[in-house]
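Subject: Structure handover

Hello,

Here is the structure we spoke of handing over.

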Amino acid sequence: MKKSKNIISKILLIIAAVIIIATLYISLNFKEQGLRNIFFHIGNGLKGTSPTVIFTGIIACIIPFVLLVAVLSLPIFILKKRNRLSTKKLYRINLKYSVFLLMVSFVLSYSLLGGNDYVKAVFQESSIIEENYVDPKEVKIIFPEEKQNLIIIYSESLENSLLNKNIGGGWEYSLMPELEDIAVNNLNFSNSDKIGGFHQVEGTTWTIAGMTGSTAGVPIKGYANNEYKSENFLNGAYSLGDILEREGYNLEIIMGSTAEFGGKKQYYKNHGNYKIFDYDYAVANGYMREEDKVWWGYEDSKLFKWSKEEVKKLASEDKPFNLIIETVNTHFTDGYLEDSAEEIYDNQYENVYAHSSKQIGEFVEWVKRQDFYKDTTIVIIGDHLGMQDKLYEDNMVENYDRTVYNAFINSKAKARNNKNREFTTFDMYPTILASIGVNIEGNKLGLGVNLFSKEKTLLEKYEGEYLNEELKKNSTFYNREILEEEY
């Protein structure tokens, strides 16, 4: 019995150390994510996660973990050496000490990883979504007679801080000259009078959340809701894909990872029935072998090569099309540096971003040379802010306001009010539709506002802190109308 108590004490101490180290690692490196992102991905499956991301985290934590276990074990070791306590009493003290450490680890985790947000999501109610949500199914949406093709490039973790500070970025030098030129010479909606972008808000801070925010105008709420990994993903929402499918568009999404990760497959199948060209599709259809897998699936050089082939097929058909391209090389940690990439900088991540900019720029120039380009709008947006916070803290100019990148190429609509706007991921939804010549009655869809209009966005209506706090809370309206949960 005494021996079993001793083993239990050691196990509890190790669990406490694991929780503390994991909490510190996440809070120091990915402070914007917290419990909502972690629980979402745990609850909806981690299939397809790059082993490199997991191994990097584990390796970074090994030495701190060993040191912490040694430090936490020291008081009991000293007590054992200096005091002549009975074995029974020592066991009892050890067990109480281990339970105390476990409780401390829970409190630390709760505090640093946004435990209060979890409480709000469960116990506090907000009406902000109900008061501002415009159901796209009830909005008159008119397409032009000659429908415009649409290519959306979601660039992983692409934010404006990576641009040169002289044009509105936060870097001391031009890290991504191609994307800078695209933003300067085309249409960019900005939070300043220079190049800028949109602020991510609660429920839009990871990939699938950014995608649903920008194509359905709603956040991802909840933590491990099973609806997100089912075929009923956001069943009550009416998205860009739903609208384009109704209008007869061919729809396809191509990505260098498995679409199962984070519920992307479920979302795009349920909203538009997109053809999904992911890592699994590439293997199953002979584009690559399983043993050739790198990073999250396949690298962006293959992504853009196959995207060119796919867009040619789409353009050859007698229907308008929407092709969504999701890059992956710039995912944390430190990104994936392809063999063909130049190593200009000492920091690997900077080299990855520089190469990604070149790849996107080359793809855009290729599209411009194609016959279908005159009837095609290209939208480039980041899915969310970069998650590897230390990169930005170490290199960004002081007090820079981080926003997510956007650029509209060959837009059918003309912007008259695209500078000094305060807007969010949600506003991309109606704005993307407007960019292909669609007239939206009232200029609002979901929680988003068409930025080509003069309508006020949520961020222009509410302060950012207030908006985020309200979005963290439970919404019975969202659960009933967007998730279509039964009550």
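This is a predicted model: local features need pLDDT of at least 70, side-chain atom pairs count only at pLDDT 80 or more; totals for chains, interfaces and linings use all residues.

Residues are numbered from 1 along each chain as its sequence is written, and side-chain values use heavy atoms, with hydrogens and water left out.

Buried helix

Helices (H or I, at least four residues) and strands (E, at least two) are DSSP runs, numbered from the N terminus. Buried means under 20% relative accessible area, exposed over 50%, and partly exposed in between (1.4 Å probe, protein chains only). In helix α8 (residues 207-216), 10 of the 10 residues are buried, so the helix is largely enclosed by the rest of the structure. G217 follows α8 and has a positive phi, near 70°.

Aromatic pairs

Rings of Phe, Tyr and Trp (its six-membered ring) pair if their centres lie within 6.5 Å; planes under 30 degrees apart count as stacked, over 60 as edge-to-face and the rest as tilted. A search of the whole structure gives 25 aromatic pairs. One of them is F261 with W296, edge-to-face at 5.1 Å centre to centre and 70° between the planes. F261 sits in the loop between β3 (250-255) and α10 (264-270), and W296 in the loop between α11 (279-284) and α12 (300-316), so this pair ties together parts that are 35 residues apart in sequence. F261 is buried at 13% relative accessibility, and W296 is buried at 4%.

F321 and F372 are also edge-to-face, because their ring centres are 6.0 Å apart and their planes at 80°. F321 belongs to strand β5 (residues 321-326) and F372 to the loop between α13 (348-368) and β6 (376-382), so the pair ties together parts 51 residues apart in sequence. Both F321 and F372 are buried. Ring pairs also join F277, Y281, Y287, Y298 and W306 into a cluster.

Surface patches

Patches are made of residues with over 30% relative accessible area and no salt bridge; like charges are joined within 9 Å, and nonpolar side chains (Val, Leu, Ile, Met, Phe, Trp, Tyr) within 5 Å. A salt bridge is a side-chain nitrogen of Lys or Arg within 4 Å of a carboxyl oxygen of Asp or Glu. Accessible areas come from the Shrake-Rupley method with a 1.4 Å probe.

K88, K89, R92 and K96 make up a positive patch. K96 lies in helix α4 (residues 87-112) and is exposed, at 59% relative accessible area. The nonpolar patch consists of I58, I59, I62, I63, V66 and L67, with about 600 Å² of accessible area together. I59, in helix α3 (residues 51-82), is exposed at 60%.

Regards

Notes: Lys and Arg count as positive and Asp and Glu as negative; His and the chain ends are not counted. The place of a charge is taken as NZ of Lys, CZ of Arg, CG of Asp or CD of Glu.
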